Amino acid sequence: MRRIISVLMENAPGSLSRIVGVFSQRGYNVDSLCVAPTDDKSLSRLTIVTHGDDKVIEQITKQVNKLIDVLKVTDLSDGHHVERELMLVKVATRSDLVRAEVKRNVDIFRAQIVDVDANNYTIQVTGTSDKLDAFAHTMSQSTEIIEASRTGVCGLARGEKALRP
Amino acid sequence: MEMMSGAAMVVRTLKDIGVKHVFGYPGGAVLDIYDALYAQEDVEHILVRHEQAAAHMADGYARSTGKTGTVLVTSGPGATNTLTGIATAFMDSIPMVVLSGQVPSKHIGEDAFQETDMVGCSRPIVKHSFLVKRAVDIPEAIAKAYYIANTGRPGPVVVDLPKDIVNVLEEHPYQFPDDVTMRSYNPTLKGHSRQIKKAVKTLLEAKRPIIYVGGGAITSEASELVTEIAEKLNAPVTSTLMGLGAFSSVHEQFVGMLGMHGRLEANKAMHNADCILALGARFDDRVTNNVDKFCPYASIIHVDIDPASISKIIGAHVPVVGSVDEVAKQLLKEMGKIDAKAQTAKLADWWEQVNQWRSRKCLDYKKDKNLIKPQEVIESLYKHTNGDAYISSDVGQHQMFAALYYPFAKPRRWINSGGLGTMGFGLPAAMGVQMAHPEAVSAVVTGDGSIQMNIQELATCMQYNLPIKIISLNNRALGMVRQWQDMNYKGRHSSSYMDAMPDFVKLAEAYGHIGIKVTKPEELDAAMAKCFAAKDRLVFMDIEIDQNEHVYPMQIKFGAMDDMRLSKTERT
C-alpha cells in the first residue's frame, strides 16, 4: 500500500544520508523523496512516499524515528491530509496544431506555461501524483515529452494535527 | 576561559568525562592528539597491534563494566580497520566512542593520502556520528558522543576529527558543555502504565509462563529486579546468548540458554508456554527458528527500550517500551504481594512438565579415553576458576560449548560477540576486561581458527602485562563450519581444514608468554591447574580436542523452536 511518511529532523549535515541509509540498508522502498528546511531554519522536513504492508510501514517509522537527528515521524496517509507534487515538463510544440492542443490541456489541468521557446513549451503543473501522471499521459498523446522533472510529494495533515518540535 | 589546542581539548574532554583508558593506534592525522596524550597522565593510552583489536578491547572493557569504551585511531586504514569492531558493538548494543582522525578539512573530498569518509563508511553500523568542523565544537561533540553512546539503547558513536582542528599550534577557548541533552533524542525509560497493568494481568493469569531474558537486562543492571520478578512468579527463566548471567545460571528456576543451540528444556518451555515475558531480548533468528511456528500458544509481553525491536520479528501482544530496570520496578509494584503458595500450586503442573524435559539431560556427553572432549575442557575451566572468572569468547563451536557448559552466576561475566559473530573478538575483548579489572581472572575460550584472527595482540598483552588465560580448543578445523558441512553438505569439508597449524606453544613463547600443550584427557586437569597458578603471566593453553564433536542440542532448520537434534543420531 502507498504511504506518505513525514519526518521532522535537525537541519544538520548528514541527516539526509542517515534517513536514506535506513531505507537502503533495511530494504525499504522509496518511491519519492522531498526535503527542504522548514520555516524554522534549524529543522528540515522530509516527505517520503513508500509502499509496504502495515508491518513494514511500522518498522520504517520506528527505524527512522530511532535516528538521533529525527524529532518526529508521522504517517500522513493514516489520516486526512493534503498532498501536492510539482512537475516541470518540457514538450515539443513544432506546429500550431500541437501548440493549441497543449495550451488547451494546460488550461484543463490548470497548469501554467512557464517558458516558451521556438519549438517547445515548459509547463508547470501541481497537484496529486495521480493528477501529474494523468497530465503527463495526456501530453504524451498529443506531443512528445522532451523531459520532465518532479519534486516528489510533500504533504500536511488536515485540521489541527501538526508536526512540530 | 582556558585556552588550549584542539588536540589538548580532545584529551581534556575525555578527562572531564571521566575516561581512564583509550585503546588505539597512532598515525598521521592523530599525531597532534597523541602529542597531547603524551603530556598528561589522566588518560592512559593502550597501544594495540591492529586497530580492529582496539575496538574489541574497548568493547570488552565496556561489556565488563557498563562504562563506555574509547577508541582512538588515525584516518583511512586506521579508521576502516575499526569497522568490524564497531559493527560488533552495534549489533550487541555496546557503548563505545571511536575518535578517528581525518585529513585536514581543506583536503576532504580530494582523495588525499589516508582519506576515507569515515562518517559515511560507518553510517549503517553506528548509533550516531559527528564530523567536527571547528576546534571550539570538540568538547560538545565528544560529550554528546558519550551521552548518546551510553543512554537509551547503547551503541557505538564515531567522532571524526580533521587534522587542522586538532592542530597543537593553534589555541582556542575550552568549555566543557553544561548540558548535552538534545531535543531530538529522548529515550523512553518508563513503561506506559496501562501496558504495565496489562502485562501483570497476563502474567498472573498464565498457567505456563516463562521469562526470556536478553542482553537488555544486563545493560540496564536489572539482574536483581529480574530475579525478584522470577521468584515472585515462580516462573522458569531462560536466557539468550547475550543475557547469560543476568539471571543466575545456577538458580533452580533457570532452564538454560534458548535458541539454535539452546537447552532442550528451554526451547520446549518456550514453545509450550502460554505467556512469554521478554525482558530486553529481540527475538533474534538464532532464537526463534521458523517464525511461523514460533511459540503458538503464548501471549507475548515484550519489554524493550528500543521501540523498533518490538514486533519487528514476532508480534507482541503486550508491547512495553522502556528500560528493563525501570519496567521491572513498575511490574513489581503493580504485582504487589502475590500469594506464593497459590502461585506455586498454580504452576505445579507446568514445573512437572519442565522438570521432565530437564530429566532428558540434553547436555550429557560421552567422555573418551584418548580424545579430549571440548565439553570437559569447559567443565574443567569452570572448576579451576570457581565459576567466577570473566570469560570472553571467540566465535564458533567453542563459543557454544562455553555458553552451555560454564554456568554464569553474575552479569557482565560472559563477553562474546552474539549478534555479529566476530571471529577474532575473544582475545582483545579479554584484554579490555583485564584492563578494567586488573585483579580479576580474565580468560578467553577460543579455537585454532578464531585465535589466529587477532593473534598479534599477544604482543600488546606482553607490553601491558595482561595475564590473560587463553583456552584454545584446537580441533585443527573450523569446527562450526565443519559441523554444518557434516550435517548439510554430506561431510564435504570445503576449506574448513587448517593445514598449516603453527606451534601455538612456541608462538606464545616467542611473544614472551607461557604455552601449554594438552593432548590427553588425563592431563587436562593438571594443565588447567598449572595455567591458573601462573597468576601474573599470560598462559596459552593449546588443547587438542576431538575433531568430530558436534555442538548439541541444535534446532532443525525451518522447524519450531523445539524441533531439535539432540545428538548425531537423536532428535526430538
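A residue is called buried when its relative accessible area is under 20%, exposed when that value is over 50%, and partly exposed in between. With these cut-offs, Arg360(B) is partly exposed, because its relative accessibility is 32%. Glu570(B) falls into the partly exposed class as well, since its relative accessibility is 38%. All of this applies to a predicted model.

These two residues of chain B are also partners. The side chains of Arg360(B) and Glu570(B) form a salt bridge, with an N to O distance of 3.1 Å. This pair links distant parts of the chain, the two residues being 210 apart. Arg360(B) sits in the loop between α15 (348–358) and α16 (374–384) of chain B, while Glu570(B) belongs to the segment after β22 (564–565).

Another salt bridge of chain B joins the side chains of Arg63(B) and Asp92(B), at 3.0 Å from N to O. Arg63(B) is part of helix α3 (residues 51–65) and Asp92(B) is in the loop between α5 (83–91) and β5 (96–102), so the bridge ties together parts of chain B that lie 29 residues apart in sequence. Here both Arg63(B) and Asp92(B) are buried.

Arg3(A) and Asp78(A) form a salt bridge whose closest N and O atoms are 3.6 Å apart. Arg3(A) counts as buried because its relative accessible area is 8%, whereas Asp78(A), at 61% relative accessibility, counts as exposed. Through shared partners, salt bridges join Arg3(A), Asp54(A), Asp75(A) and Asp78(A) into one network. Over all chains, the search of the whole structure finds 38 salt bridges.

The contact between the two chains can be described next. In it, 20 residues of chain A meet 19 residues of chain B. The area buried between chain A and chain B comes to about 1,600 Å², and carbon and sulfur atoms give 47% of it. On the chain A side, Arg18(A), Lys62(A) and Ile68(A) lose the most area to chain B, together accounting for 40% of what that side buries.

Two salt bridges are found across the interface of chain A and chain B. The side chains of Glu10(A) and Arg183(B) meet in a salt bridge at 2.7 Å, N to O. Between chain A and chain B there are eleven residue pairs in polar contact, counting pairs with both residues at pLDDT 80 or more. Elements of chain A that each supply at least two residues to the side touching chain B are α1 (15–25), α2 (54–66) and β4 (70–75). The largest share, six residues, comes from α2(A). By residue class, the side of chain A that touches chain B has eight charged, seven polar and five nonpolar residues.

Finally, the packing of nonpolar residues deserves a look. The largest nonpolar core has 75 residues, and Ile211(B) and Ile471(B) have the most contacts inside it. Leaving aside residues up to four places away in sequence, Ile211(B) touches a set of residues that includes Ile229(B), Ala230(B), Leu233(B), Val237(B), Leu277(B) and Leu279(B). A second, separate core has 41 residues, among them Val48(B), Ile86(B), Ile94(B) and Leu538(B).

Terms used. Residues are numbered from 1 along each chain as its sequence is written. Chains are lettered from A and ligands numbered from 1 in the order in which they are written. This is a predicted model: local features need pLDDT of at least 70, side-chain atom pairs count only at pLDDT 80 or more; totals for chains, interfaces and linings use all residues. Side-chain values use heavy atoms; hydrogens and water are left out. A nonpolar core is a set of buried Ala, Val, Leu, Ile, Met, Phe, Trp, Tyr and Cys residues joined through side-chain atoms within 4.5 Å. Buried means under 20% relative accessible area, exposed over 50%, partly exposed in between (1.4 Å probe, protein chains only). Contact means heavy atoms within 4.5 Å. Buried area is the accessible area (1.4 Å probe) that two parts lose on being put together, summed over both. A salt bridge is a side-chain nitrogen of Lys or Arg within 4 Å of a carboxyl oxygen of Asp or Glu. A polar contact is a pair of N or O atoms within 3.5 Å; within protein, one must be able to donate a hydrogen and the other to accept it, and residues adjacent in sequence count only if both atoms are side-chain atoms. Helices (H or I, at least four residues) and strands (E, at least two) are DSSP runs, numbered from the N terminus. Ala, Val, Leu, Ile, Met, Phe, Trp, Tyr, Cys and Pro count as nonpolar, Asp, Glu, Lys and Arg as charged, and the others, Gly among them, as polar.
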